[in-house]
Amino acid sequence: MEAAIVTILALLFLSFVALGVYATVKVAKAAKRGVDRTLDQARRTVEDTTLKAKSFGQVGVAAELAKLRLALRGSMRATQDALQAGAVEDASLRESLDLFARLSAHGRELDEDLKRLEREPDKAYVAGQLAALTERTERITGSADALRRAAHDRARRFAEDDLETLSAQIDVETGALRHWTTVDGGTNGTETSQAWYESAPGAPEQTPAQPRPQAGEAPQAITAPDPRTTAYPWEKTARPESAG
């Protein structure tokens, strides 16, 4: 019996140790990913700042190369963010993400070529390559921009369709809430009130009699609608009236 208890305690101890090791590894990996993302973001920020400084502070082929790299990086980054954000709610954008991944391979290759030419000492050779590099950049950024704008148009169209459906449902609901305006043509308040209780044509115009309370029974009060229990952000909370 004692050996079984010791065995169980040993197994529990080993399980806790294994769980602790697993949790430690997961936390370490998550921390490493966070550090890597921070470093990547910092590196991109430094590179973008450097390219902006070159595009404005220099002239000639160096400035042109910097402008091409800025245009390429900006377009690809904006498209990637738009597609990834849209794919969370719209599964149809998954295929667009696959196409963008293939386009990104060409974009990275072009960025490497531009970066290499920045270190090229023969400026005349670089100037001769600018026309072809500009065309490649425009083709890649044009495709990226087309994907991004199509994703934005799709999201906006879905939002407009949803708003149109919601507006139609609200119109139906408001019409149901104001049902007295459609009873008997809604000519006036008197005819509408009569239509509620008239049982047959030609019935005398009279107010329906209210039931009288029985002896010893207190009159029943009119039940008011239940107050709202949840305040929406656009509703103001009523202040309690001060006593006296």
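**Figure 1. Gly-142 in helix α4 of the predicted model.** Gly-142 is part of helix α4, shown here in a predicted model. Gly-142 counts as partly exposed because its relative accessibility is 35%; the partly exposed class lies between the buried class, under 20%, and the exposed class, over 50%. Along the sequence, Gly-142 is 66 residues from Met-76. In space, the C-alpha atoms of Gly-142 and Met-76 are 10.0 Å apart.

**Figure 2. Helix α4 from end to end.** Helix α4 covers residues 123-177 and has 55 residues. From its first C-alpha to its last, α4 reaches 77 Å, which is close to the 81 Å expected at 1.5 Å a residue. An α-helix has 3.6 residues a turn, so residues three or four places apart point the same way.

**Figure 3. Helix α2 beside helix α4.** Two packed helices are described by the angle between their axes and the distance between the axes. For α2 and α4, the axes come within 9 Å and the crossing angle is roughly 20°. Helix α2 is therefore roughly parallel to α4, since angles under 35 degrees are placed in that class. The crossing of these two helices, α2 and α4, is left-handed. Sorted by class, the residues in the contact of α2 with α4 are 17 nonpolar, 6 polar and 4 charged.

**Figure 4. Helix α3 against helix α4.** Helix α3 consists of residues 93-118. The axes of α3 and α4 come within 10 Å, and they cross at roughly 160°. This angle means that α3 is roughly antiparallel to α4, because the cut-off for that class is over 145 degrees. Where α3 passes α4, the crossing is left-handed. The contact of α3 with α4 contains 13 nonpolar residues, together with 6 polar and 6 charged ones.

**Figure 5. Helix α2 against helix α3.** Helix α2 consists of residues 61-87. Its axis and that of α3 come within 10 Å and cross at roughly 160°. Helix α2 is therefore roughly antiparallel to α3. As α2 passes α3, the crossing is left-handed. In the contact of α2 with α3 there are 14 nonpolar, 7 polar and 6 charged residues.

**Figure 6. Gln-80 in helix α2.** Gln-80 belongs to helix α2. With a relative accessibility of 33%, Gln-80 counts as partly exposed. Gln-80 and Ser-104 are 24 residues apart along the chain.

**Figure 7. The helices in the context of the chain.** The secondary structure of the chain comes to 5 helices and 0 strands. Along the sequence, the pattern reads α-α-α-α-α. Of the 244 residues in the chain, 18% are buried.

Note on methods. Residues are numbered from 1 along each chain as its sequence is written. This is a predicted model: local features need pLDDT of at least 70, side-chain atom pairs count only at pLDDT 80 or more; totals for chains, interfaces and linings use all residues. Side-chain values use heavy atoms; hydrogens and water are left out. Axes are lines fitted to C-alpha atoms, for helices over the stretch in contact, and angles run from 0 to 180 degrees between N-to-C directions. Helices (H or I, at least four residues) and strands (E, at least two) are DSSP runs, numbered from the N terminus. Angles under 35 degrees count as roughly parallel, over 145 as roughly antiparallel, 65 to 115 as roughly perpendicular and the rest as oblique. A crossing is left-handed if the near helix is turned anticlockwise from the far one by less than a right angle, and right-handed if clockwise. Ala, Val, Leu, Ile, Met, Phe, Trp, Tyr, Cys and Pro count as nonpolar, Asp, Glu, Lys and Arg as charged, and the others, Gly among them, as polar. The expected span of a helix is 1.5 Å times one less than its number of residues. Buried means under 20% relative accessible area, exposed over 50%, partly exposed in between (1.4 Å probe, protein chains only).
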